[in-house]
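Have the structure open as you read.

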Amino acid sequence: MTIAPTGERKLYIWTHTYHPYGGVVKTLDYGLHARALGYAVEIISPLAHRPGEGVLAIERIGALCRDDGVTFSRGRRPEMGPDSLVLFAHPRDYDMVRPALPEGASPERMIHLVQNVRHTNPFWLSGYALRLLTRPASRIVTSPVIGERIRPWVDPRALLWENTLGHDLAPFGRHRVGGVRGRPLRVLYTTWKNEVGDAVARVLEGDERFEFRAIRHTVDWTELSQHYGWSDVFLSTPNREEGTYLPGLEAMAAGSLVVTPDAGGNMDYCRPDENCLMVGFGAVDDYRGALAALAEASEERIDSLRSAGYAVTGNFGLEREQAGFGAFLDSLWSRIAAFEGTGER
């Protein structure tokens, strides 16, 4: 069966929620990229979208609600046409996307956006995510680490594209020099993913070299930027299996010194002893030792860590991500044309 192109390209995006999780933000960023590349976009979710709420409260993402080329639908399957693609991220969303593929269509019209290393964890989603990697689709991974992790499971004939994650770091950016002498080290951490930050704060309670602050609830970017700006040190407290883990990158942009374990995708920006101090996962004594070292570090050492942090943040721009998506689409359409026998598109 041949599927004749019409010339009107459209990207469907399936999202299971509008909650401002990092993975959902990135999925909708790809909607913005598609619009900039001339695609119509339809965002489908089992939930109703509410402009100004959840992920749509983020200024750049909220622009989707004001774009005449973007529509929002609730609970239906994509109506895939000859020039349609569909992008999804959460593995379970494949169950909604796959039946929408027309007979004879290339399975690479389904774009699986893979944003974390836990897809290869046989216990996540009872192994569903791992099994999904073996099924035909095109895939975009948001970091080299993720690509390396999933490559053994993916059919080598399928399109696997590395497109480094982009992020708007401008709201967090602060330029600092001169060390942190003259007051206690201000130490920031979150409690969203584990409790190691609280454990470190308890161990160092009463130590006048340190002042601790915890973020215990979701905050908007303005408040989050203020927290980073207050801090001298950010204790990175991720899950064991992460994507890029944006808090550590945001903290670097703010000039806060990062203490972190290896959580997979965060090693895309972590340079041990160059722009961060590494600790064992959940190792309270390691965090305590790293803080003690920073409390005694010279002004030159502090500024060196900060400068190296600032330098790496330039690798994670949204414009670069958009360009990478454009290159992916050019390659994808050629592959689709070859599979479906329609010639060049």
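## Salt bridges and cysteines

Glu340 and Arg109 are both buried. Keep in mind that this is a predicted model. These two side chains form a salt bridge, with N and O 2.7 Å apart. Glu340 belongs to helix α11 (residues 318–340), while Arg109 sits in the loop between α3 (94–97) and β5 (110–114), so their pairing ties together parts that are 231 residues apart in sequence.

Where else do such pairs turn up? The whole structure contains 17 salt bridges, including these three:

| Pair | Closest N to O distance |
|---|---|
| Arg183 and Asp232 | 2.7 Å |

Arg183 is partly exposed, at 37% relative accessibility, whereas Asp232 is buried, at 1%.

Asp303 and Arg306 share helix α10 (residues 299–313); because they are three residues apart there, about one helical turn separates them. Asp303 is buried at 18% relative accessibility, and Arg306 is buried at 3%.

Salt bridges can also join up: Lys10, Glu42, Arg76 and Glu79 are linked in a network.

How many disulfides are there? The count is zero. Cys270 is in no disulfide, and the nearest cysteine sulfur, that of Cys276, is 4.2 Å away. Cys270 is buried, at 3% relative accessibility, while Cys65 is partly exposed, at 27%.

Key
Residues numbered from 1 in each chain as written. Predicted model: local features only at pLDDT ≥ 70, side-chain atom pairs only at ≥ 80, totals over all residues. Heavy atoms only, no water. Disulfide = S-S within 2.5 Å. Buried < 20%, exposed > 50% of the residue type's maximum accessible area, 1.4 Å probe, protein only. Salt bridge = Lys/Arg side-chain N within 4 Å of Asp/Glu carboxyl O. Helix = DSSP H or I, 4+ residues; strand = E, 2+ residues; numbered from the N terminus.
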